[in-house]
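Colleague: I am new to this structure and would like to learn how to read its aromatic rings. Could you take me through them step by step?

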Amino acid sequence: MPNTPAALRNPPNGITIAIPNWNHEFVLGRSVGSALRAAALLRAADVPAEVLVLDDASRDGSTTLLRQLEALYFEDGLRVLLRVENSGAPAAVRNQALFEARYRYILFLDADNEVLPENLPLLYRSILDTNAALVYGSLILVHAESGEAQHLLSAESFQDRILDDNYIDTLALVDRMQLLDANGLLSDARMAGREDWELNLHLAFSGRRLVFVPVVAGYYYTMPHSLITEKMPPEVWQRQLGYVRRAFNQLDLRRGHLLNTRHLRYHPDLGYI
Amino acid sequence: MLQDAPAPNAARRVLIVVAGSINYYYDTIGYRLAEAFHNLGSVVDVCTLKTYQPAEYDLTLYVNLYEVAVAYCKGQPDLVEAIRLIKAMKARTTQIGVVLLECVQTNWFAETYRLCEQTGIQALYDLGFHSQYPYMQPAMREGYHFFFNGLTQSERRKVLRWRNTHQERPIPWAFIGHLEKRRMLFAHRLIKRCGANGILYLPHLTHITEEGPHINGEQLQKILERTRYYIWVSHHDYFYVESERFRNALMAGSVPIKVQDHEPTDESARLPFTYLMLNETDFDEQLRAFDYADVRDRFIRDYLTLPSLEAGVARTILQMPHHATADHA
């Protein structure tokens, strides 16, 4: 990752809701709509906010729709960036958002998911209060067609069991300065589709804090052929688990190792819980 | 069967055995009972099986016998050592019993009952809001005694101190428990219908350990002190009223709401706080119809009129006559 440009060294407080998109034309309205409502709520509370959609060279009707949405909602803080070539990795698009965002804090929102606007101010207050690199709340996993809740994701604080598998989703509010300092997300093929797991471990084992806020941050929709519904081939899983062990726990010393982030739970009206 | 109790005002020596594990829940009950016995003039020791010092007692009570035994035999496949020690303790006490705090139709109760049989303990003291006698299998009914989970003297004083203060409560509701399908579906509806910005904490089901995701009693209290409604859904379908949840809410100034998926039973009419037990189908309408300040005042007032924990202990465990316990009613 290149050196941080001078203009990025002191970004103003506020939130950029960054939505990477690749061929999600039919659900973009939902994610962008929730992000615009969240931005409006934040601004009403005197928190500067914008919505930044980064299209990763979609081949469906996304780009046309996004241009129309930008024309309609530009005044409400919607910006659209269209990549000419597909990056091949969602992490690369999120890394781009680290440079393109106007504000210090970034909420990563997948184009097929939805943020719960009412609770974003709570996440914002939490990250300001705790100086965390990343704060997150629970996500309700919803079947996209039936609308029925199926599971709860990101529902617990950081614990050692995250070495065995990830349970903290990308839908989180991050401190862009800390992410830039930590070299952003891993965007090569080793952890394709599980970049969030790698980022969580990287931040935690670099001495940074990941803080769980016990509220619902949003909805994760299970779409056909999405990462969460497609069964990962065993050889891919083994390769990724091998990478995690090699990178973060080669000597099997991590469990019980002193960390800044184990079991951090915070709510701005309660303090640490 | 319960053995004959000595004279009511004798300086009884009481031993309360708690698990002493990370699960604060049963330990709290042990210390509350200790306070009640102390207020009734008994000399009380609280210990775990590990810290037990052999001595003579008039009464020994195990708060959740199964947890007590499991905590003692941690890491061992069976509970043989715990059973052996409990049998030895039995020889040094006049009266012995187990305190229950769970629905008698569940596996947890079955485990406790099995251990009671293995150790020869026959007296089961069920601490709660309603007698579960009708729900017990006939063979288990002998030795069953219900007593009301009222406030201790210090809890009552605390409630009287703050009942007229109005602390700011920015959190509209808190829904806390381990994650399972029914609770997750309910949480989804709660957020849609009663506002999104409540506290939702549903960690996965796991043994309670230092490293685990559970919150302890102090953390729950901290949450409830800033929360208007403490809402829960039972994780089993049997009729049972979780009296400790009501007490937790009261001590934090929050209003407890039990959401149930069935109509009130015949027994419900004899229960306290039925206005705080809402049906799952229209709980949100009922909740929105509440005036928080009014319902909180009513809940506090009602709880303060109910029998104290001392009264329950005196009448049910110590078998003191009613007139001797009037001061604690």
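Modeller: Gladly, and please keep in mind that this is a predicted model.

Colleague: How many aromatic pairs are found over all chains?

Modeller: Searching the whole structure gives 27 aromatic pairs. One of them is formed by W197(A) and W237(A), which are stacked, with 5.6 Å from centre to centre and 10° between the planes. This pair links distant parts of the chain, since W197(A) belongs to helix α6 (residues 195-204) of chain A and W237(A) to helix α7 (residues 234-248) of chain A, 40 residues apart.

Colleague: Is W197(A) buried or exposed?

Modeller: The relative accessible area of W197(A) is 0%, so this residue is buried, whereas W237(A) has a value of 22% and is therefore partly exposed.

Colleague: Why is the pair of Y243(A) and F248(A) called edge-to-face?

Modeller: Planes over 60 degrees apart count as edge-to-face, and the planes of Y243(A) and F248(A) stand at 90°, with the ring centres 6.4 Å apart, so the pair falls into that class. Both Y243(A) and F248(A) are buried.

Colleague: Which residue lies over the face of Y221(A)?

Modeller: That residue is R30(A), placed 3.4 Å from the ring centre of Y221(A). In chain B, R298(B) lies over the face of Y275(B), at 3.5 Å from the ring centre.

Key. Residues are numbered from 1 along each chain as its sequence is written. Chains are lettered from A and ligands numbered from 1 in the order in which they are written. This is a predicted model: local features need pLDDT of at least 70, side-chain atom pairs count only at pLDDT 80 or more; totals for chains, interfaces and linings use all residues. Side-chain values use heavy atoms; hydrogens and water are left out. Rings of Phe, Tyr and Trp (its six-membered ring) pair if their centres lie within 6.5 Å; planes under 30 degrees apart count as stacked, over 60 as edge-to-face and the rest as tilted. Helices (H or I, at least four residues) and strands (E, at least two) are DSSP runs, numbered from the N terminus. Buried means under 20% relative accessible area, exposed over 50%, partly exposed in between (1.4 Å probe, protein chains only). A charge sits over a ring if NZ of Lys or CZ of Arg is within 6 Å of the ring centre and within 35 degrees of the ring normal.
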